[in-house]
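Happy to walk through this one with you. Have a look at the sequence and the structure first.

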Amino acid sequence: MDIFGGLLFGLKSVLHVDTLFYCFVGVTIGTLVGVLPGIGPIGAMSILLPATFGISPATAIIMLAGIYYGAMYGGSTTSILVNIPGEAASVVTCLDGYQMAKKGRAGPALGISAIGSFIGGTLSVVALMFVAVPLANVGLRFGPPEFFALMCLSMSLISYLARGSTFNAVLMIFLGLILGTVGMDPITGFPRFYFGSTTLLDGIGLIPVAMGLFGISEILMNIELKARSVLEAKIRNIFPTLEDWRRSIGPILRGSVLGFFFGLLPGGGAVIPTFVSYSVEKRLSKHPEEFGKGAIEGVAGPETANNAGSTGAFVPMLALGIPPNPILAILLGALMIHGVQAGPLLMQKNPEIFWGVIASMYVGNIMLLILNLPLIGLWIRILKIPYRLLMPLILLFCLVGCYAVNSNPTEIVIMIVFGFIGYVLRRCGYELAPLIIAMILGPIMEANFRNSLIMSDGSFRIFVTRPISATLLFAAGLLFLSSGFSAYRKAKKRVIELVGDED
Amino acid sequence: MDRRKILFFIVLILLPFAFQGFSAEKFPSKPVTIVVPFPPGGVSGITAMTWGKYMEKHLGVPVVVDYKPGGGTVIGTQYVANAAPDGYVLLNAGDIFTSILVGTAPYKLEDLTIVAQVTLNGNVLAVRSDAPWKNFQEFVDYARKNPGVKYAHPGIGTWVFFRTESLNRQAKLGMVNVPMKGDAEAVSALLGGHVPVAAGSTYVYKAQQEAGKVKTLLSFDKAEGYGLDPTIPDIESFFKGSVYDIVCSIYLYAPAKTPKERIEILRNAIEKATKEPGFAEDMKKIGHRVAYMPGEKVMREVLPKKIEIVKGIMKDTGMIK
């Protein structure tokens, strides 16, 4: 079946009243769980999995997939409005999105993330359709050494997440790396730093930490400021202006490519491309000083990247039958229950599933855009709620959302502890995004580093003799040097200014 | 109506009361919960749901599934170990002694009792289809002559790891393990050419084999039980008893102090469930095969041997000091 024949075949099966209905249900639920902090697509999909037993496998997958990419649309909402990342994939959106909201520009921020998500989602479906099989094979070329090199490259980008001092950012990176070592040793299985707590055996949970560091600490900061509402200025406009568009189109296109690429790697997903996109935009921007103070590029890029990433993750799943992350693994489980064998032959044996899912993504993304744009007007009204009323509500949502992830009360304690840690760090002028990203990357980096050395019987040459890993490491080295050099120049300039003042 | 019939009816009417006399109250009289120590959405959850569906008919009460993920099964297992021993809270899990040996589990092996081994999970050893070894014999010869062949597996502490390592040691293959995160990463590492061999769940590799991407060298236990090509050797047939395979059992557990009669009722229900025609088919879909064995037999004949082998592996890999 050629591509257009396949797409038409897929559209034919999607454009049925009941399939459209399930697709709509999926994307709506996705948007809702995306908006609610804590409970994310994994929770929603697994709860609804048994509900799909009675419908056809293609329809079941269409609905469940809708929850996944739908959540990427909703995820930005709480990040932008109240500085609480709804999912791990929207942590980076907090940096500039919340600043935009404070300045009365929540509307354009929400608007650009919906439109960016739509463009990123749609472009990746096109890519998925045309090059799924060859790209899936490229993804397979990433083994442990390549992943380690990719993580090095990502690490060298983290310092761009910081607004202020590079030194402080590096300190936070180290703190994040240390926190990332808690839990089971990935190679020997020996429990590390768990202090007898069964919850800590799995490592410190990402969602409680993100919600604590960003959400709870924000509440604590605002108590101190006696803020009356989130807004510091009047709400100016609801939709992005022409200037916003002009500034966002580059980040959206680059975010689509980055997100799609990171999504299709084994172990990939929607989280890592968000901050890579942010760092790239800050690096390319003519006015990097605006980042962290409400630059629309800092919302457009990452929000596009997480959607493109969630679609990219379907590449190995549909082309090879290999789920690259736990969310896609649930889809694989759903196929198994229906007796469908997910593997490289899915496209031939079950074209209705392969093409049905692809066609449904075009339709689903349009539904999501139509669903999300009118909601913006509603969301920004939340900002007008006086803070004394909004704050307890945010706290309640954080507590419920944190508990909802694993029904584990210890995670609530972790969230609150990290809320206070976040408050103290922010008061001392440290930034939290590098910390949390290092916490995500650290364990991946460690496992792949050690596995590479197992593969090479302990020789470090494996990192430079393999072309992909050598290239990535070289790029990481260059970036590291250039940021070191610019930090040196900045310091030199400051010294000269200081000396000049004394004259 | 003759006397015998009347007598029969009287006995029939009195029968339930007789049983009530035995156990004070009828068991089960409220829904039974099966705890799954993993997050929802995975194969374990589906397994428990399927068992529950078939057990309901024989127990006469609903069976619900409750997820208690975390700590690599420790949180869910601890929940059941501490539950009231009334037979209403059960656990669906594989062998739980590994966390106890490592010392991360706050409960003892004696806190839980195995109601029955219900199914086995299939595992295979696979290579890429362009690998130089035509069959398992050639691979064994190669590995023994060239120690240090790397194999990918779904993670340290998973049963696939212990099972492959047990084969590796007993058969003196000299392979070195590369721990990945889950079957998906292990099969990616194999397909991408980063490791020559991978061990993992049968259903994952079966799909790749049908597409001609991998070759299954060995099915740890009987190949045909999982719908694999029956000519693929298994450990028992290949090594003719010189290598002991620690099978990947999936059990139904109950708190240790649960009354014997109740355990018996539960065991009958799951035994009858395994004999229903749809049960085996549903299990096959998720890569399991039915292998019912009463809990006492497991604890007497299989468990000690498994613990001994796994303990040896853990000492060598540094999981326990």
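Here are some questions and answers on how the terms apply to this model.

This is a predicted model, in which local features need pLDDT of at least 70 and side-chain atom pairs count only at pLDDT 80 or more, while totals for chains, interfaces and linings use all residues. Residues are numbered from 1 along each chain as its sequence is written, chains are lettered from A and ligands numbered from 1 in the order in which they are written, and side-chain values use heavy atoms, with hydrogens and water left out.

Q: Why is Leu472(A) called buried?
A: Buried means under 20% relative accessible area, exposed over 50% and partly exposed in between, with a 1.4 Å probe and protein chains only. Leu472(A) has 15% relative accessibility, so it counts as buried.

Q: Which residues is Leu472(A) in contact with, leaving aside its neighbours within four places in sequence?
A: Contact means heavy atoms within 4.5 Å. Phe142(A), Glu146(A), Ala149(A), Leu150(A) and Leu153(A) are in contact with Leu472(A).

Q: How far apart are Leu472(A) and Leu48(A) in sequence and in space?
A: They are 424 residues apart in sequence, and their C-alpha atoms are 40 Å apart.

Q: What is the mean pLDDT of chain B?
A: On a scale from 0 to 100, pLDDT is the predictor's confidence in each residue. Chain B has a mean of 91, with 93% of its residues at 70 or more. For the model, ipTM is 0.90 and pTM is 0.89.

Q: How much of chain B counts as buried?
A: The share is 55% of its 321 residues.
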